[in-house]
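The following note sets out points for a colleague who is reviewing the structure shown below. Each point takes up one part of the fold or one contact.

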Number of protein chains: 2
Amino acid sequence: MTEKFLFTVLATDGAARLGKLVTAHGAVDTPVFMPVGTAATVKAMFPETVAATGSQMILANTYHLMLRPGVERIARFGGVRQFMKWDGPLLTDSGGFQVMSLSKLRKITEDGVTFQSHIDGLKHHLTPERSIQIQHRLDATVTMAFDECTPFPAEREQVETSMKMSMRWAKRSKDAYVDRPGYGLFGIVQGGIHGDLRAESAQALREIGFDGYAVGGLAVGEGQPLMFTTLDHTVPHLPADRPRYLMGVGKPADLVGAVLRGIDMFDCVLPTRSGRTAQAFTTFGALNLRNAKHADDPRPLDESIDCPASRNYSRAYYHHLIRSEEILGLMLLSWHNVAYYQHLMKGLRDAIRTGTLSAFAAKFAADQAAGEDGDDDAA
Amino acid sequence: MTEKFLFTVLATDGAARLGKLVTAHGAVDTPVFMPVGTAATVKAMFPETVAATGSQMILANTYHLMLRPGVERIARFGGVRQFMKWDGPLLTDSGGFQVMSLSKLRKITEDGVTFQSHIDGLKHHLTPERSIQIQHRLDATVTMAFDECTPFPAEREQVETSMKMSMRWAKRSKDAYVDRPGYGLFGIVQGGIHGDLRAESAQALREIGFDGYAVGGLAVGEGQPLMFTTLDHTVPHLPADRPRYLMGVGKPADLVGAVLRGIDMFDCVLPTRSGRTAQAFTTFGALNLRNAKHADDPRPLDESIDCPASRNYSRAYYHHLIRSEEILGLMLLSWHNVAYYQHLMKGLRDAIRTGTLSAFAAKFAADQAAGEDGDDDAA
């Protein structure tokens with residue numbers, strides 16, 4: 001076990017950073033994409049295949065796990081990583097986001113949130129202290145501060161009030177957190193699309209002091225231009241020597257744009273969710289394998305990616321599996337999509353290392369726009 | 001490519017045989033269990049994991065493939081094996097069984113069967129000649145003669161009439177078959193549960209001459225005792241120097257009993273289908289992982305089996321995956337169950353080799369009956 005939760009910037013290219021995050025559960029090369037293992041499983045993937053794609057760190061959702069199978073049950077098994085047999089580092093969210101999006105009868109007060117489970121209707125109470133304690137019981141390598149994810153769109157006054165409560169909750173999260181060697185606690189910047197509120201939030205978090213800084217409340221419907229503008233107003237206010245994590249993002253072009261703006265960490269359900277809806281991300285844009293035009297296509301999904309799902313099977317076979325509603329279709333597509341994301345992240349890291357990120361980003365955009373045979377990006 | 005489709009009996013123990021089947025697409029150790037790859041996929045398994053369980057040969061269904069994605073499409077890709085990326089030998093059934101069980105508006109004449117697709121209602125015609133031609137186009141290593149699967153129960157007269165037509169169809173199948181080095185054609189014994197009809201059918205097939213002999217029309221509701229009795233009346237009439245294949249069988253105890261009676265080959269959907277309904281086969285009987293008693297059980301499914309799905313995960317994790325309807329649950333259970341079946345087949349082969357099959361069968365039955373913690377065999 002390492003003694004320090006350590007982040008080192010190894011190279012920069014413009015605002016973008018190549019880094020290494022050393023944790024109690026292994027090292028992570030940044031910029032990093034974390035596949036989402038919602039309920040202690042990256043959907044339709046074996047842990048071995050997740051790792052084989054080059055994924056070094058994954059995310060699990062506190063909200064889902066506290067409701068089922070329950071925190072104490074997972075704690076008895078030594079935490080989420082042991083329970084699901086994931087060897088690498090694992091980040092848990094605080095539960096706040098999904099309380100907002102999934103639960104019923106939410107009631108938010110200064111103390112925390114009371115809500116009903118979407119599974120069995122049972123009532124639960126989540127506070128900053130309880131969320132941090134749960135994430136400790138889940139043995140998360142990275143714990144996220146408990147915050148309120150401000151709705152979008154919202155009036156500025158509502159955004160400001162919400163952000164300020166999240167900052168008070170961030171302080172309570174820090175106070176509740178039990179530091180352990182190689183583990184870390186991240187704060188979450190809020191403030192909607194308002195640059196001054198984002199700056200104020202970032203400053204408040206720096207004063208509390210965290211091992212990493214997340215940008216929350218984006219990718220909630222504001223669109224890519226506003227998201228990028230908000231990053232431009234937020235990232236400069238974050239400390240340079242700590243990892244920066246853009247939560248819940250995103251499409252491939254979102255990742256490239258955010259890395260250009262200095263983001264180091266990402267998570268998103270998109271590669272696995274798209275894998276369950278017949279969509280494949282490729283170097284030349286997204287494919288909808290349900291489309292009849294793939295029925296006789298002998299080409300692999302993307303032969304530039306070193307993954308059996310990307311290289312070994314024809315698009316015709318994928319089309320057949322999807323039309324026949326065969327589980328193997330979504331297993332292979334999830335695998336391929338995560339492999340595509342990790343291939344993209346490796347490309348970004350290599351480009352930062354060699355100082356060629358602008359050229360990489362330009363080629364990425366051109367290839368995506370070009371498509372193959374007029375395939376449109378379905379994402 | 002081997003020049004001969006060659007079956008060699010290496011050892012015997014009572015009626016049971018240890019053998020080797022050499023084909024154009026590789027060698028197979030018998031007794032062999034073939035996982036079922038219905039629509040050119042062993043459901044919820046990667047070809048790599050199917051092979052990793054020790055599976056050497058699989059089966060695909062002509063009926064399903066001719067309807068979707070279509071024979072000519074698969075032929076353009078070089079056959080089922082190339083289409084689905086299965087390197088080993090592959091056996092296709094004739095389509096007859098599923099025409100009976102799945103299609104609509106069947107009409108059977110001496111010429112063949114006319115039926116409507118259960119997928120799109122389109123009308124199809126299948127004859128012995130057409131079935132053999134299709135299996136050739138699918139590049140099946142082993143082609144099955146086209147037969148009528150006699151319903152059960154049925155009057156003796158109906159069984160006899162049906163069997164005799166199947167024997168005429170067997171001759172037409174043989175005449176239509178184009179021999180290729182390392183490929184084989186199997187005849188199918190019919191005759192219901194009537195020993196004399198089975199003997200007559202076996203004799204008729206021997207006169208035609210096949211590379212292997214299947215026992216059809218069993219595991220259709222007659223129960224294990226009648227199935228075993230029927231095998232006792234059938235197997236002695238089959239040539240000793242050709243492989244014997246019991247179609248569509250079965251539960252673990254069925255395999256053991258049939259091997260004791262001289263059967264060399266099996267196929268069944270049970271391990272994968274059970275994997276999709278929360279059932280795990282183990283050395284100590286079957287488990288229903290949906291059952292609440294598994295919720296906190298740290299034990300693996302079966303640590304005697306050299307497979308990650310059998311050894312690496314707790315029963316509690318399986319229970320969680322199943323209750324959460326996570327795809328990984330059925331992926332792992334399918335993998336484990338096929339691994340269990342192959343583990344059992346290897347045990348049977350080793351026992352025949354060492355002349356200890358009776359002891360093996362007795363221990364198998366005792367272990368299955370013992371269960372773990374009173375688990376009942378749910379199969």
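This is a predicted model: local features need pLDDT of at least 70, side-chain atom pairs count only at pLDDT 80 or more; totals for chains, interfaces and linings use all residues.

1. In chain B, strand 2 (residues 16-23) and strand 3 (residues 26-30) are paired in the antiparallel sense, and five bridges link them.

2. The crossing of helix 10 of chain B and helix 15 of chain B is left-handed.

3. Which residues form the contact of these two helices? From helix 10 of chain B come B:A253, B:V256 and B:L260, and they meet B:L357, B:A361, B:F364 and B:Q368 in helix 15 of chain B. By class, this contact of helix 10 of chain B with helix 15 of chain B comprises six nonpolar residues, one polar residue and no charged residue.

4. The contact between the chains draws 30 residues from chain B and 30 residues from chain A. On the side of chain B that touches chain A, two or more residues come from each of helix 3 (71-76), helix 4 (80-84), helix 13 (315-323) and helix 14 (327-353) of chain B. Helix 13 of chain B gives the most to this side, namely five residues. The side of chain B that touches chain A is made up of 16 nonpolar, five polar and nine charged residues.

5. Chain A is divided into two parts: domain 1 spans 6-274 and domain 2 spans 278-368. Taken over C-alpha atoms, the centres of domain 1 of chain A and domain 2 of chain A are separated by 27 Å. Their contact takes 28 residues from domain 1 of chain A and 25 residues from domain 2 of chain A.

6. Which elements supply the side of domain 1 of chain A that touches domain 2 of chain A? At least two residues each are supplied by strand 1 (6-13), strand 2 (16-23), strand 4, helix 1 (47-52), helix 10 (252-260) and helix 11 (270-275) of chain A. Helix 10 of chain A gives the most, with six residues. That side of domain 1 of chain A has 17 nonpolar, seven polar and four charged residues.

7. Chain A contains an open sheet of eight strands with parallel pairing, in the order 4-14-13-12-11-10-6-5. Its edge strands, strand 4 (32-35) and strand 5 (58-60) of chain A, each pair on one side only. On average, neighbouring strands of this sheet are turned by 25° against each other, direction ignored. Strand 6 (residues 90-92) and strand 10 (residues 142-144) of chain A run parallel and are joined by two bridges; here A:L91 stands opposite A:V142.

8. A further open sheet in chain A has three strands in the order 7-8-9, with antiparallel pairing. Strand 7 (104-108) and strand 9 (123-126) of chain A each have a single partner strand, so one side of each is left without a neighbour in the sheet. From one strand to the next, the twist averages 15°. Strand 8 (residues 113-116) of chain A is joined to strand 9 of chain A by four bridges, and the two run antiparallel. In this pair A:Q116 stands opposite A:K123.

Notes. Residues are numbered from 1 along each chain as its sequence is written. Chains are lettered from A and ligands numbered from 1 in the order in which they are written. Two residues are in contact if their C-beta atoms, placed from the backbone, lie within 7 Å. Ala, Val, Leu, Ile, Met, Phe, Trp, Tyr, Cys and Pro count as nonpolar, Asp, Glu, Lys and Arg as charged, and the others, Gly among them, as polar. Two strands pair if DSSP finds at least two bridges between them. Axes are lines fitted to C-alpha atoms, for helices over the stretch in contact, and angles run from 0 to 180 degrees between N-to-C directions. Domain bounds come from an automatic or database domain assignment. A crossing is left-handed if the near helix is turned anticlockwise from the far one by less than a right angle, and right-handed if clockwise.
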